[in-house]
Amino acid sequence: MEQSFYDQVFELVRLIPKGRVSSYGAIAKSLGAGGSARMVGYAMSNAGAAHPPIPAHRVVNSSGLLTGKFHFKTPELMQELLEAEGIAVKNDKVQNFRTLLWDPLLEL
DNA sequence: TGGATGACGCAGG
DNA sequence: CCCTGCGCCATCC
């Protein structure tokens, strides 16, 4: 059963280590779809409905901005989840993003 | 089958 | 640093 891009995204996102973050672009690229970063985000809209919960809060845009926070149950939830894992967030942006970034291509 | 959609990325001002 | 516009492309209806 061919797993759609969605499913591949879900599985990869679930592999993101606690206390680390990843970006839509990095995920898309690791799946061999460099230009479809938007699809990654689009896939995440299903994250809330997906069965094994997906740590979508660990996925931010290439700048470390919490662009998808409005898709959570509450806009504050995303930041709170990140801070609960030891990730500093300021002004909707992940601090030390470059350091915390988990690139599947490099670390998997 | 075709066209709209979108939790992005990058370049330019 | 902030904002704007354009391109990308799998999925949905």
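Tutor: Let us begin with the contacts of a single residue. This is a predicted model, and beyond its neighbours within four places in sequence, N61 is in contact with S23, Y24, T67 and F97.

Student: Where is the place of N61?

Tutor: N61 sits in the loop between β2 and α4.

Student: Does N61 count as buried or exposed?

Tutor: The general idea is to compare relative accessibility with a cut-off: buried means under 20%. N61 counts as buried because its relative accessibility is 18%.

Student: Which backbone atom does the side chain of N61 reach?

Tutor: The N61 side chain reaches the backbone nitrogen of L65, at 2.8 Å.

Student: How is a nonpolar core to be read, and which residues touch the most other members?

Tutor: One looks for the members with the most partners. In the largest nonpolar core, which has 28 residues, these are V13, M44, L82 and V94. At least two core residues come from each of α1, α2, α3, β2, α4 and α5, and α1 gives the most, with four. Leaving aside neighbours within four places in sequence, V13 is in contact with I27, M44, I54, P55 and V59.

Student: Which residues are around DNA strand C?

Tutor: They are S4, F5, Y6, G35, S36, R38 and M39; α1 and α3 each supply at least two residues of this surface. By class, the surface has three nonpolar, three polar and one charged residues.

Student: Which atoms of DNA strand C lie 2.9 Å from R38 and F5?

Tutor: A polar side-chain atom of R38 lies 2.9 Å from a base nitrogen, whereas a backbone N or O atom of F5 lies 2.9 Å from a phosphate oxygen.

Definitions and conventions. Residues numbered from 1 in each chain as written. Chains lettered and ligands numbered in written order. Predicted model: local features only at pLDDT ≥ 70, side-chain atom pairs only at ≥ 80, totals over all residues. Heavy atoms only, no water. Core = buried A, V, L, I, M, F, W, Y, C linked by side-chain atoms within 4.5 Å. Buried < 20%, exposed > 50% of the residue type's maximum accessible area, 1.4 Å probe, protein only. Contact = heavy atoms within 4.5 Å. Polar contact = N/O pair within 3.5 Å; in protein donor to acceptor, adjacent residues only side chain to side chain. Near = heavy atom within 4 Å. Nonpolar A, V, L, I, M, F, W, Y, C, P; charged D, E, K, R; others polar.
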